[in-house]
Amino acid sequence: MMVIKKKTENEVQDTLFPGEDAFSNIGGPSDDDISEDILEDLRQIISQQREIDGTPIASDDDILRLSIPKNYTACPNPYIAAFIQENSNSSGSYVSRGPFVKDISVGKNDPLYFAHSYSTKVPPDAIVPFILHYTSPGDIIFDGFCGTGMTGVASQLCARKEFENKGVRKAILVDLSPAATFIAANSNSIRSWRKYLETIEKIISNIEKKHSELVTTNHVGWVRGEKDISRRVNAIKPHSSIMGDINYVVWSDVFHCTECNQELIYWDLVFKGPGMPPPQVLLCPNCKVALTNKTLERTWILKFDLELHTTLKQAKQVPVLVNYSVGKKRFEKFPDDRDIALLAKLDNESIINRIPIVELPDGFNTEQPKKSHGFTHVHHFFTRRNLIMMADIWNSINHLKDVTLRDAALYVFTGCIQRVCKLNRYMPVHDRHVGPLSGTLYVSQITAEIPITNYFKERIKDLRRIKPETDRSNVCISTQSSTDLRNIPNDSIDYIFTDPPFGGNLNYSELNILIEAWLGVKSDQKPEAVVNSVQRKEISDYSELMRSCLSEFNRILKSGRWITVEFHNSQNSIWNSIQEAIGQAGFIVADVRTLDKQKGTTKQLTFDSAVKQDLVISAYKPNGNLEAKFRLNAGTEDGVWEFIRYHLGKLPVVVLKDGITIVNAERQAFLLFDRMVAFHIQRGVMVPISAPEFYAGLEQRFTRRDGMFFLPDQVAEYDRAVLESGKPAQLSLFVSDEKTAITWLRQQLDPASGGEPKTQGDLTNDFNRVMNRAKHEQPLELIELLKQNFLQDEDGKWYVPDHNKASDLEKVRQRALLKEFKEYTENTGRLKVFRSEAVRFGFSDCFKRQEYETIIKVAERLPEAVLREDPDLLMYYDSALLRKK
């Protein structure tokens, strides 16, 4: 692993490590150590692999040092094809399955889930049910955004005896981040390295003894938890001969009052006793003025950076509390003279062992610590005390000859980083440290410094609780972008489960910089699928990158097989982008469910608008027969019904929730129409029939039950389920525009959907109650909707017309929609209020005529949020852009 040490702006030190003779023999060579032949083979191939998108930024030596070929490489893995060939499941033919239709709720109590910190991950127990449903033992699972490798872990946990379809599955895991793939490699090889934990613990104990002065303090404090502040001072007489072991040290930012210039330690302003809430109004103790952002300013100091050999301006931070133990009892104290003198001494001494000197890249997340505290490099995130010990530990690890031992120790080491740096927040109201704010590089005004030797040993205790169920031989891990999977053969994967990036929620390449600096291998940001203003990537860029990734997923997945996309984002625009990318890649969505991880993130717990549960999209790759038949019948009604028959065969016949049958929206006419249209548009084919013609064709060709459509051989199964649990309740529909309003009216007026003919008066109150008209939507009059889409009987009741009359109404309506759309094409400037149905139908008509420029022109006049949040408009716009190219 290379360590870049910045001497001047352009000068770098090539490597950190000494010669072979300096390496320790601790642990000895392991049974599964890497042969020199394999390493040399990888060395010869690396230059070729650099042509693949997303190859990490690192030297060949650094990549080789981190890799464990053939199962894991810190670059695009050249051994994946061989792994697939060796593990191809030829035990029998594939049994076609419908989508997994159960909502999943799992906790995060598995110790393996917490084995290593990362910005986001899915508990492996949440993935296991999907794998068991879609695959057989020995099948190959793929995850192109693998993160910490929980899909690989879940694939191996399928061997547990309590499962009916038990048996290990093999996994291919890919991620752009070398931090992620390194964690994934070790989380999926516990059986290989768990035996070394005792050896690692001994190494840390030796380093702790060496630095005993840094991790101990004079026993002069009060009993932990003492709430009476007046009893804290000199609560226990000094014991010069007794030393306590430091658990953590609380540090506080320093500010000053702009009114009187009094220096103010933030801790003194907010801490009023253990578990006590901070005061609602902060007062300057000197001038008594109420402190606000305008009257409270951060105190900055000039510090000479011994590693950069330059003076920096950084926020002033001071120690305010020491939590320590004597025996089994905990105590607390204010830092004494010895503590302060020690810290001053450390600030003025160079670190003997080298540390990674890595500058923070420009970014959305990295900007916060730069502005708030003046942190410009990775080493600024650590106190001097911890940096000294980390350097010692890191160098000791890198001097280990045994590859598996070295990897295991580095796995534990990097798992400590998030909690032993200045991201570790201390919250006075909770009277404890609570860890980093997830998904950020936020440095709080009050932080807690945990000595790394202390936390390292705690992590080893936690790792001992993990059962050694995962084995390296069951996975093949590659560090690269999923936009370019040329090292994976076509039609070679049995199932895909993936948890892709969430737009702008998390910027992994920035968040992982603290770990990647110590690994010596850095993410390539160029192909990162993210919305990030600093990288100049907007939603359209994110969508295109996701489409490229999903197109590769479609290529490598076997025909007729399934992909599960687990997704978390509170923005409709991102949600629609991912669905559109799935369709453009050639997949067909069959179901959307929820996955509840139970314990929410900080953002979920704080903001009502945050999505509380993750959404799970189930989609399939059509088999070759459907695609071949569709090509022969493209643009004809035969092509439409060929697709619908196939699609209905892929949908679950019965969907249960808490033992009760529920309506499956995917089987309802309006969603079947949308899926059919999308299937055509995303293949550049004209849709040959109108909505009324489609609805009439459904009635003629398929069996209808409770507003849903079934193949003839599916009806008996559904009828049995209804007899057992009763008729399902109709799904509630969110009505926000003309399209959803018409769908709602059909439900109210169609007897087959549980409705009946009604007068306008009968409908008015309910219509006003459900209608939530979007701000951009032209006002909708109920009477106009009724006149344009339904017929009225002699009693004044509106009803759903038959096929012929519905087609006549639709033709009249379409002429009106086209007339309105033409006005949008002739005018200029932004469209603030418009009729979405007119735009939708206009886009559809333009697509038939191959007038892609018109679609693009009008789309770019729409508000960006509207375009991105309307799946129909987005589909036509993206398809027009693709065909224009």
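What follows is a short tour of a few strands, helices, cores and single residues.

This is a predicted model, in which local features need pLDDT of at least 70 and side-chain atom pairs count only at pLDDT 80 or more, while totals for chains, interfaces and linings use all residues. Residues are numbered from 1 along each chain as its sequence is written, and side-chain values use heavy atoms, with hydrogens and water left out.

**A covered strand**

Let us start with strand E17, residues 475–479. Helices (H or I, at least four residues) and strands (E, at least two) are DSSP runs, numbered from the N terminus. Five of the five residues of E17 are buried, where buried means under 20% relative accessible area, exposed means over 50%, and partly exposed lies in between (1.4 Å probe, protein chains only). In a regular strand, side chains alternate between the two faces of the sheet. In E17, Val475, Ile477 and Thr479 point one way, while Cys476 and Ser478 point the other way.

Which strands pair with E17? Two strands count as paired if DSSP finds at least two bridges between them. Strand E1 (residues 72–73) runs parallel to E17 and is joined to it by two bridges; here tyrosine 72 has isoleucine 477 as its bridge partner. Strand E4 (residues 170–175) also pairs with E17 in the parallel sense, over five bridges, and valine 174 is partnered with serine 478.

Arginine 472 sits in the loop between H15 and E17. Is this arginine 472 buried or exposed? Arginine 472 is buried, at a relative accessible area of 9%.

**Helices side by side**

Two helices can be set out together, with the expected span being 1.5 Å times one less than the number of residues.

| Helix | Residues | Number of residues | First to last C-alpha | Expected span |
|---|---|---|---|---|
| H15 | 452–464 | 13 residues | 18 Å | 18 Å |
| H19 | 572–584 | 13 residues | 18 Å | 18 Å |

The buried residues of H15 include Ile452, Tyr455, Phe456, Ile460 and Leu463, and Arg459 is also one of them. In H19, 12 of the 13 residues are buried, so this helix is largely enclosed by the rest of the structure. Among the buried residues of H19 are Trp575, Asn576, Gln579, Glu580 and Gln584. Just after H19, glycine 586 takes a positive phi of about 110°.

Helix H25 (residues 715–725) has Val715, Tyr718, Ala721 and Val722 buried. Seen down the axis of H25, these buried residues fall within an arc of 130°, so they line one face of the helix; the arc is that of the directions from the helix axis to the C-beta atoms. The face turned away from the buried side of H25 carries the exposed residues Leu723 and Glu724. The cover over the buried residues of H25 includes strands E23 (660–661), E24 (703–705) and E25 (708–710).

**The nonpolar cores**

A nonpolar core is a set of buried Ala, Val, Leu, Ile, Met, Phe, Trp, Tyr and Cys residues joined through side-chain atoms within 4.5 Å. The largest such core has 226 residues, and Phe413 and Phe694 have the most contacts inside it. Helix H14 (residues 403–416) gives the largest share of this core, nine residues. Apart from this core lies another, of 16 residues, among them Ala741, Trp744, Leu763 and Leu786.

Phenylalanine 694 has contacts (heavy atoms within 4.5 Å) that include Val640, Trp641, Leu672, Phe673 and Ile689, leaving out residues up to four places away in sequence.

**Cysteines and a proline**

How many disulfides does the structure hold? The structure holds zero disulfides, a disulfide being a pair of cysteine sulfur atoms within 2.5 Å. For cysteine 260, the nearest cysteine sulfur is that of cysteine 284, 3.6 Å away. Cysteine 260 counts as partly exposed, at 26% relative accessibility. For cysteine 416, the nearest cysteine sulfur belongs to cysteine 421, 11 Å away, and cysteine 416 is buried with a relative accessible area of 0%.

Proline 274 lies in the loop between helix H10 (266–270) and strand E9 (296–298). Proline 274 is buried, with a relative accessible area of 5%. Its C-alpha is separated by 6.9 Å from that of proline 428, 154 residues apart along the chain.
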